[in-house]
Amino acid sequence: MASNAQLGKIILIAAIAVFFYYFFWVAVLPFMLIDEGNPIRLFFPPLKYAFIVPTVFGVIFLGGIAAFSFYHIWSLRVKRD
């Protein structure tokens, strides 16, 4: 099992890789003067997904936080009664 420091490094490297992939996809690729058949474009989905995917993950994340909060507030009320 990896230690916390090793796990933190792995998570940091993964987060940086995802950030640079997304940055290139959204900020660089639309302005590159390359044709649609270029092999670089095969690594990236259409640009419309660049806004749909983070929105879906954000809604899931906020829903998870809300469910977690409601569960703990409800469990504290049940213990008190």
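This is a short tour of a predicted model, stop by stop.

Before you click, some ground rules: residues are numbered from 1 along each chain as its sequence is written. Local features need pLDDT of at least 70, side-chain atom pairs count only at pLDDT 80 or more, totals for chains, interfaces and linings use all residues, and side-chain values use heavy atoms, leaving out hydrogens and water.

**Stop 1: the whole chain.** Show everything as a cartoon. You'll find 2 helices and 0 strands (DSSP runs numbered from the N terminus: helices are H or I, at least four residues; strands are E, at least two). The C-alpha trace spans about 65 × 35 × 15 Å along its principal axes. The radius of gyration is 20 Å, while a compact globule of 81 residues would be near 12 Å (taken over C-alpha atoms; the globule rule is 2.2 Å times the number of residues to the power 0.38).

**Stop 2: the annotated stretches.** Residues 12-34 are 74% helix, with end C-alpha atoms 32 Å apart. Residues 49-74 are 100% helix, and their end C-alpha atoms sit 37 Å apart.

**Stop 3: Pro 45.** Pick Pro 45, in the loop between helix 1 (4-28) and helix 2. Pro 45 counts as partly exposed because its relative accessibility is 34%. Not counting residues up to four places away in sequence, Pro 45 touches Tyr 21 and Trp 25 (contact means heavy atoms within 4.5 Å).

**Stop 4: helix 2.** Go to Pro 54, which is in helix 2. Leaving aside neighbours within four places in sequence, Pro 54 is in contact with Tyr 22 and Tyr 49.

Next, select Ile 52, also found in helix 2 (residues 49-80). Is Ile 52 buried, exposed or partly exposed? Ile 52 is partly exposed, because its relative accessibility is 43%.

Note on methods. Buried < 20%, exposed > 50% of the residue type's maximum accessible area, 1.4 Å probe, protein only.
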